[in-house]
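Hello,

Here is the model we talked about. Please have a look at it, then read my notes below.

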Amino acid sequence: MADTMFSRESAKRQKEELKKHADVGHAEAAQTEKKINVNFSLSPASKEKMHAKAKEMGISASSLLQLWINEHC
Amino acid sequence: MKNVLICNQKGGVGKTLIADELAFGFERDQIPFSLYDLDQQGGLIHEAKENDDAAVAIIDTPGALQSDLKKWMDAADIIIIPTMMSNRDVPPLELMIELTQEYQGKKPVLFVLNRWNHYNITKDFIEWFDEKYPELQTAVLSDCTAFNQAGARGISIKELSPRSLGAKQMAEIYGFVKTALKLKEGWR
């Protein structure tokens with residue numbers, strides 16, 4: 001992944017936040033709310049379809065995936 | 001990769017709102033971006049993410065004076081400073097103006113005067129600001145309930161209410177960023 005000043009700062013702060021949550025006894029909640037970066041691969045055709053559908057619906061590709069997950073998972 | 005730093009030591013001035021709306025804009029234009037949330041209070045609609053192919057990084061910062069702020073400003077390609085328009089906002093705003101003085105003319109610095117409304121206090125504030133700091137670049141965001149409604153639904157103001165004043169003003173801010181950083185649609 002990118003190694004920039006801001007990525008390092010962000011990772012450091014996330015870690016500190018998790019520690020704070022753990023310190024006040026909310027370790028589980030902190031883990032649940034932790035933001036997760038998801039990597040997956042799509043064929044160019046699928047990617048194009050996804051963006052076309054998102055554009056047609058007037059929403060972002062992320063929102064479209066979220067809708068799909070909510071409906072099917 | 002270009003860095004868009006959104007900062008003000010005062011909280012509740014609209015930093016996260018602007019970070020989210022810029023992210024929505026980059027998504028619409030298919031400009032790959034990273035989003036760094038240095039403000040662990042949360043509140044972003046988007047999840048913080050890192051993208052190896054990012055053309056631009058949005059950095060949302062905490063509403064408190066940070067020892068690293070100067071370092072972040074140095075690394076930024078554009079600095080956006082939102083502020084509310086009340087007397088309470090003046091001291092932190094003036095500190096931010098002082099901190100960004102050295103970047104004037106070297107990199108874009110945009111002050112976003114947030115929650116404009118029809119009451120005299122915001123009009124007076126804009127007059128005061130324009131008179132005292134005529135050289136600073138500003139944009140105005142209206143006190144628009146569509147921002148709250150859009151936020152509650154997890155969508156951008158443009159999706160919710162494309163003809164609203166807030167959507168037009170946000171489009172201007174987004175356009176400013178895109179032009180200043182020479183970002184093009186359909187990056188890939």
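Start with helix 5 (residues 145-153) of chain B, whose buried residues are B:Ala146, B:Phe147 and B:Ala150. Buried means under 20% relative accessible area, exposed over 50%, and partly exposed in between (1.4 Å probe, protein chains only). Helices (H or I, at least four residues) and strands (E, at least two) are DSSP runs, numbered from the N terminus.

Before going on, some ground rules. This is a predicted model: local features need pLDDT of at least 70, side-chain atom pairs count only at pLDDT 80 or more, and totals for chains, interfaces and linings use all residues. Residues are numbered from 1 along each chain as its sequence is written, chains are lettered from A and ligands numbered from 1 in the order in which they are written, and side-chain values use heavy atoms, with hydrogens and water left out.

Back to helix 5 of chain B. Its buried residues are B:Ala146, B:Phe147 and B:Ala150; they cover an arc of only 105 degrees around the axis, so they sit on the same side of the helix. (The arc is that of the directions from the helix axis to the C-beta atoms.) Their cover includes helix 1, strand 6 (137-142), helix 6 (157-160) and helix 7 of chain B. The face turned away from the buried side carries exposed B:Thr145, B:Asn148 and B:Ala152. Just after the helix, B:Gly154 takes a positive phi of about 70 degrees.

Now the charged pairs. Over all chains, the structure holds nine salt bridges. The term means a side-chain nitrogen of Lys or Arg within 4 Å of a carboxyl oxygen of Asp or Glu.

- B:Asp29 and B:Lys178 pair at 2.9 Å, N to O. B:Asp29 lies in the loop between helix 1 (15-28) and strand 2 (33-37) of chain B, and B:Lys178 in helix 7 (residues 165-180), so the pair ties together parts that are 149 residues apart in sequence. Both residues are buried.
- B:Glu94 and B:Lys132 pair too, with their closest N and O atoms 2.8 Å apart. This links helix 3 (residues 90-100) to helix 4 (residues 120-132) of chain B, parts that are 38 residues apart in sequence. B:Glu94 is partly exposed at 24%, and B:Lys132 is partly exposed at 44%.
- B:Lys71 and B:Asp68 form a salt bridge at 3.7 Å between the closest N and O atoms. B:Lys71 is partly exposed at 41%, whereas B:Asp68 is buried at 18%.
- In chain A, a network of salt bridges links A:Glu9, A:Lys12 and A:Arg13.

Best wishes

Terms used
Contact means heavy atoms within 4.5 Å.
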